[in-house]
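I opened my notebook to go through this structure one piece at a time. Here is what I looked up, in the order I looked.

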Amino acid sequence: MADIALAPSLTGRYTQARLRNAGLFVLSVLGIYVLQPAMPIRQMDFWLPTVALLLAVVVWAATAAADQSARALIADGSGIAVLVLGIAGTRYIEPLSTLFTRTPAPDVLTALLALAFGGAVALLIARLIGPRPGWTWGVLAALVALLVALKVEPLTQALAGALRAWQGQSVAAASALDVRWLGFSYLFFRLVAALRERAAGRLPRMSLREFITYALFAPAWIAGPIDRPERFLKDLRADFRFNLADSMEGGRRVAVGAFKKFVLADLLALFALNEANALQVRGAAWAWLLLYAYALRIYFDFGGYSDIAIGIARVFGIRLPENFSRPYLKPNLTQFWNSWHISLAQWFRAYYFNPLTRALRTRGWPAPAIILTGQLTTMLLIGLWHGVTWNFAIWGAWHGLGLFIHNRWADFARARAMPEPPALQRALGAALTFHFVALGWVWFALPDPALAWRMVATLFGL
Amino acid sequence: MNRCSLARILAKTLAWFVLFNALFAWANTPDNAGVAALGQLSLYNALWPGRLRLPYGDDPSRAYNVSLYSLEAMFASHVVSGRPSAEFRVFLIGDSATWGWLLRNEETLAGQLNALGLRAPDGRPVRAYNLGYPIMSLTKDLLILRHALRHQPDLVVWLVTLESFPSEAQLDHPIVRHNAPAVRAMIADYALRADPNDPRFVTPTLLERTLVGQRRALADWLRLQAYGALWGATGIDQHYPERYEPAQRDFDADLRFRQFTPPELPKSALAFDALDAGIRMATEAGIPVLIVNEPILISQGRNSHLRYNALYPRWAYDAYRAMLRAHLAQGQARYLDAWDSVPQAEFTNSAVHLTPRGVRLLAEAIAPAIADLTARR
């Protein structure tokens, strides 16, 4: 495959790589503003992306090596400031005032003060934590607290009230729906990954610009996949030259993803299970149809987004990890979770399940208890990450127990050297697994346990 | 891969795109014939049960229904397109009152006529099909009747009201404007007074006949198929609000009916030509027609001595009734004037929309005429 030269003056691979990296940095910073939807609380479409950016800066400060080049740091910091102040400055240019944010940004002075405050916090953190990697727990705890505040409805409502008061809006009208912080859930995973890798001494040296590009990477901002810092950095630093083959493959992936998301998923969404039709459905057969539609819809929707992210990244030479690998065709639940939202499962395995099970082993717990505790709590956390509700907890517990039972069965079969199951048995296993997963979606799709129970009863003709 | 191959790929892509659109536009000539043919493909009456009334939905996500212009797709989704059984088929044509605004299917006129369990003298059960559509226009009724006759009715019951008659409004409605070829054919075949070159007709240009130009129509067709699953699963085909604004009972002292003021409502301003065309269309096919002047709200509120309801001042409606009776007296259609057959308490959110009990009263008023006509068939 021959490469394409962009222009005679830009043919150097080094130049193209620098251009690509600078472009990704700018696109990622601007992207979080452009993608953030408007909210009932004034100017939050500017402030939430700005806080996301400052959080990334703070985590970088907490994880960066102490001997960073001052020149590079000033250049990167200035780049961030110019971009943010530039966005704020658009409020003074009427045709551009909603180019990057849905509503006009606050004035430049306020944005400057916020940046100065964020920079000061980052410096303080760098001084305090830089030499003491163990202290990254403090930053981690703050991130977890913020995530909890955004996932627990009463806390989100209180946060909305505080933000409304700050903006001089009615506190009485505060609702948890006021704070829709696009991308934060995935930012959380990337920042925690950096903190944990730093604590383990595995985090490679990253410049501020590289770290911001990793944490805010625009294609994966909305729905992942969740990359690990060292892997992302490998691609970012690799020799890059615009490559038509990669671009075509990326374009194909984007087209496939767009078809999955905007044709298949959106069409299935018209009749997929939801709160309204769960109350209206007549009979078990129709209920299964709505549930199947939901199962396929969520796969095509999420898988489509992942394809689009992977495809766009591929054009820029970044090979994001795969997120789905035919999950509904897997013959058991363990394999399902190795092929559904793979990057999330790997994240939890690396930063929660493995450390937990190691710790329990050292305390002498028996293997089944370790596996039960590890799988159940992992899946509960994955469930609660979607939202702190009973239904997400039940969904997590459903999968946690399912994984434990399969694990025990697999151990039992292995101990008796049972032969590899024939094709028909594998097909039956896939059908059983799909239906187990589909039944789990009832809890995921519906907002409260009573309605979910009612739906389960309808599914079984009760 | 190099620049040449990139250019080749882009050129091929563009060529296929243009060719595919050109072929689509060619197959879609004249006047969206291809999209109309596509409308006959349907998951209804096969994978999903046929709908009990024609698709119409202002709020698709809650009504599990969608409005579209393709009569072929509308009829293909209706149970009337399913396999006919040994029955006496009664087709009900009319406006939103016949379609059953705010009513569940079993509460509509078709549903309640079916609940009466009528039988033809030869023993066949009488089955009423709801072919109402929530637009007030006799030309729209004609369009539907023209399609409906393909489905072997034994009797047509056509419910009309004054608001469907004004000639100048016949072509105002999107479903009429977007079915220009069929309406023009009816203008020619039945010498309707409407202008075949009326600018309100939508005649797609070449670009509008391409795949890109027809994306909205194609998406509507696809959504209609998808909503069939929820129709089958729930039996719901319209959004039922928890509350609605009741029909107006008190009025200003306003004597106008559209642009008309007393004392004259000229017959020439009303589309009796469309009514005649419908009767002729059915009778030429050997199908008897029952014309029903549908019930209206007769208010007892303020200024009700001047107006029956928000739609009709008394003078205009009385003149219309007299004209309709006289017009049909010598014709081939049987006429039933049911205008006052439902008390005012049985109207919901408009002067013609009935409660289930109101529909029941109407069904009982119509049933003897239907029974009589089955005997003559």
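Entry 1: I began with B:Val90, which stands opposite B:Ala128 in S2(B). This is a predicted model, so I keep that in mind throughout. On another strand, S3(B), I found B:Leu155 as the bridge partner of B:Val90. I then looked up both pairings: S1(B) and S2(B) run parallel and are joined by five bridges, while S1(B) and S3(B) run parallel with four bridges. One more pair I noted is B:Arg89, which stands opposite B:Arg127 in S2(B).

Which way do the residues of S1(B) point? I see B:Phe88, B:Val90 and B:Leu92 pointing one way, and B:Arg89, B:Phe91 and B:Ile93 pointing the other. Six of the six residues of S1(B) are buried, and I put the strand down as mostly covered.

**Entry 2: strand S4 of chain B.** Next I followed S3(B) to S4(B), and found the two paired in the parallel sense over five bridges. In this pairing B:Val160 stands opposite B:Asn293 of S4(B). S4(B) also pairs with S5(B), again in the parallel sense, over four bridges. There I noted B:Val292 opposite B:Leu336 in S5(B).

Why is S4(B) largely enclosed by the rest of the structure? I checked its burial: five of the five residues are buried, so the strand is largely enclosed. B:Val289, B:Ile291 and B:Asn293 point one way from S4(B), B:Leu290 and B:Val292 point the other way, and all are buried.

**Entry 3: helix H13 of chain B.** I turned to the helix at residues 356–376 and tested its length. At 1.5 Å a residue, the 21 residues of H13(B) should span 30 Å, and the end C-alpha atoms are 30 Å apart, which agrees. I also looked for a bend, and found a kink of about 30° at B:Ile366, shortly before the proline B:Pro368.

Which residues of H13(B) are buried? I listed B:Gly358, B:Val359, B:Leu362, B:Ala363, B:Ile366, B:Ile370, B:Leu373 and B:Thr374. A reminder to myself: an α-helix has 3.6 residues a turn, so residues three or four places apart point the same way. The buried residues of H13(B) pack against several elements of chain B, including helix H6 (109–115) and the strands S1 (88–93) and S4 (289–293).

**Entry 4: domains of chain B.** I looked up the assignment, which gives domain 1 (1–29) and domain 2 (31–376). Their centres, taken over C-alpha atoms, are separated by 44 Å. In the contact between them I counted seven residues from domain 1 and 10 residues from domain 2 of chain B. The domain 1 side divides into four nonpolar, three polar and no charged residues.

**Entry 5: domains of chain A.** Here the assignment gives domain 1 (8–237), domain 2 (243–324) and domain 3 (326–462). For domain 1 and domain 3 of chain A, the C-alpha centres lie 33 Å apart. Their contact takes 10 residues from domain 1 and eight residues from domain 3. Helix H7 (residues 184–199) of chain A gives the largest share of the domain 1 side, five residues. By class I have six nonpolar, two polar and two charged residues on that side.

**Entry 6: where the chains meet.** How many residues does each chain bring to the contact? I find 16 residues from chain A and 15 residues from chain B. On the chain A side, helices H10 (244–269), H11 (275–280) and H12 (284–315) each supply at least two residues. H12(A) gives the most, with four residues. The chain A side divides into 13 nonpolar, two polar and one charged.

**Entry 7: A:Leu290.** Is A:Leu290 buried or exposed? It counts as buried, because it has 26 C-beta neighbours inside 10 Å. Beyond its neighbours within four places in sequence, A:Leu290 is in contact with residues including A:Phe271, A:Leu273, A:Val281 and, from the other chain, B:Ala233. I also checked A:Gly251, 39 residues apart from A:Leu290 along the chain: their C-alpha atoms are separated by 32 Å.

Definitions and conventions
Residues are numbered from 1 along each chain as its sequence is written. Chains are lettered from A and ligands numbered from 1 in the order in which they are written. This is a predicted model: local features need pLDDT of at least 70, side-chain atom pairs count only at pLDDT 80 or more; totals for chains, interfaces and linings use all residues. Two residues are in contact if their C-beta atoms, placed from the backbone, lie within 7 Å. Ala, Val, Leu, Ile, Met, Phe, Trp, Tyr, Cys and Pro count as nonpolar, Asp, Glu, Lys and Arg as charged, and the others, Gly among them, as polar. Domain bounds come from an automatic or database domain assignment. The expected span of a helix is 1.5 Å times one less than its number of residues. The bend at a residue is the angle between axes fitted to the seven residues ending there and the seven starting there. A residue is buried if 20 or more other C-beta atoms lie within 10 Å of its own, exposed if 12 or fewer, and partly exposed in between; C-beta atoms are placed from the backbone. Two strands pair if DSSP finds at least two bridges between them.
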